Amino acid sequence: MKSDVQVAVIGGGIVGVSILYWLAKLGWTDTVLFERRELTSGSTWHAAGNTTYFGPYRKMTALFAGSIRTYLQAERESGQSVGFHQTGSLRLAATERELELFHAYAPRYATLGIPFHIRSPEDVAALHPFIDVSAIYGAAHTPTDGHVDPTGATNAMAQAARQLGASIERHCPIGAIKRDGRSWVLETPNGQVTARHVVVATSFWAREMLAPLGLNLPIYPTQHHEIVTESLPEIAALDKELPSIRDSWVSCNVRQEQDGLLIGIYEKRPEFWALDGIPPNFKEELLPPNLEPLMPHLERLMERMPLFADAGIKVVNNGPFAMTPDGLPLIGPMPNMEGLWLATGFNVGIGTGGGSAEILANWMTKGQSPKGLDAIRADRFGNDLDQEAALASIREVYARGYQLPDEI
Ligand SMILES: Cc1cc2nc3c(=O)[nH]c(=O)nc-3n(C[C@H](O)[C@H](O)[C@H](O)COP(=O)(O)OP(=O)(O)OC[C@H]3O[C@@H](n4cnc5c(N)ncnc54)[C@H](O)[C@@H]3O)c2cc1C
């Protein structure tokens, strides 16, 4: 194991591995990534893998675009499939205002060169034959996005990063992190490691990990459900994969999973998990599902997509993921802690991980902070937000689901 490196990345989920990969692409290969267990053993392994280009925040759109590009680039370099399904996505307009906002977003997609179309209800019916379009105003259609296999994408980037000279230490949990002169010293089961830069990409573990340094990060593990249905003959009979949909009225996303459906739900009253500390014996297991709060959403989904009413439920997964009080990740340096960088608090880390890593790696290697991305800065919450206030904001953001902010 290397004991003195330029950069130590902590956390082997899609975000940490994306950073290791982008650092290597930009020429920083005196690096090592530490993972407590196997790569992807946090939230990454159970994610649905949705990677859409649609988003209400202008600058964040570039993070989404950069992610698919990153995964496909790593696939080419490593020969390891990232399982990209280019199904395209439909963001349904449940209100007239949503449709207006979609029109207002269109120019930014033109600037980024990402195909973006406003579709009428009739167009939506042609693209997705199972949606009842009678109550929608149309949709925003991004035909070139879709979903990836999160484990495949992580492994492809790990492989490509190793090919460039980066190292990965699995089954190597980091304990204490201490400052020593201009370096950081990390405790590992195999001895100490000294690093000029440390990137903390440990999702909801980051809060406890950095508390001894006096940091109060408002990142809390939040329960999130996804449902997979049995195969449906109507889907099996299709000759192409359905586009993913996102719907603010149902507050869910739905994509095709083999010949069935995979549904992710943002319920009105989210539950947190392990607020007193992540159990030290937590491996990567799922949490017991709780269907009752999901029922109003599933009932709406039966209206929006009557086919769902006929579907048997095959699996209900409840996994923890990281939430912050505004729902956005914490990315960048911590002030007054030279060399300490955060890349944590992601709740759409598959959709934004690769693009965020490209930005962070450029920031680290070239010393230039990105323009217009204050919304994701690591220090934006200050250090004094108490748990009650943070959880109240998270509840609100989560319950808002796919509702769009009114400003453009
Ligand atoms: C049911 C469900 C469905 C989802 N679907 C989607 C989706 O479709 N699209 C999307 O974009 N997002 C989705 N997400 C969210 C997505 O899973 C996360 O945003 C993403 O996986 C976060 O990646 P990460 O690398 O930040 O965290 P993680 O994957 O949690 O990685 C953090 C890593 O840090 C490691 N670690 C922790 N402590 C230490 C330590 N002391 N030393 C060393 N290593 C340590 C952990 O073992 C872990 O591997 C979903 C989440 C859930 C729960």
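How many cavities of 30 Å³ or more does the count come to? I found that the count comes to 1 cavity. I took a cavity as a set of points, on a 1 Å grid over the protein atoms alone, where a 1.4 Å probe fits but cannot get out.

I noted that this is a predicted model, in which local features need pLDDT of at least 70, side-chain atom pairs count only at pLDDT 80 or more, and totals for chains, interfaces and linings use all residues. I numbered residues from 1 along each chain as its sequence is written, and side-chain values use heavy atoms, with hydrogens and water left out.

**Cavity**

I looked up the largest cavity and recorded a volume of about 40 Å³, a volume being the space filled by probe spheres set on grid points that are joined across faces, edges and corners. I listed its lining (residues with an atom within 4 Å of a point): L217, P218, L330, M334, A378, D379, R380, F381, G382 and N383. I divided the lining residues into 6 nonpolar, 2 polar and 2 charged, with Ala, Val, Leu, Ile, Met, Phe, Trp, Tyr, Cys and Pro as nonpolar, Asp, Glu, Lys and Arg as charged, and the others, Gly among them, as polar.

**Sheet**

I traced an open sheet of 8 strands with mixed pairing, in the order β5-β6-β4-β13-β14-β15-β12-β16. Strands (E, at least two residues) and helices (H or I, at least four) are DSSP runs numbered from the N terminus, and two strands pair if DSSP finds at least two bridges between them. I marked β5 (117-119) and β16 (313-323) as the edge strands, each pairing on one side only.

I then checked β14 (residues 252-257) and β15 (residues 260-265), which pair in the antiparallel sense over 6 bridges; V254 stands opposite I263 in β15.

I found helix α3 (residues 96-112) packed on the sheet, touching (heavy atoms within 4.5 Å) β4 (89-93), β5 and β6 (138-142). The direction of α3 makes about 135° with that of β4, where axes are lines fitted to C-alpha atoms, for helices over the stretch in contact, and angles run from 0 to 180 degrees between N-to-C directions. Helix α8 (residues 295-304) also packs on the sheet, and its direction makes about 135° with that of β15.

**Hairpin**

I looked up β17 (residues 330-333) and β18 (residues 340-344), which run antiparallel and are joined by 4 bridges. I331 stands opposite A343 in β18. Of the 6 residues between these strands, I noted N336 for a positive phi near 65°.

Note on methods
1 Å grid on protein atoms, 1.4 Å probe; cavity = no way out; pocket = protein on both sides within 12 Å on 5 of 7 lines; lining within 4 Å.
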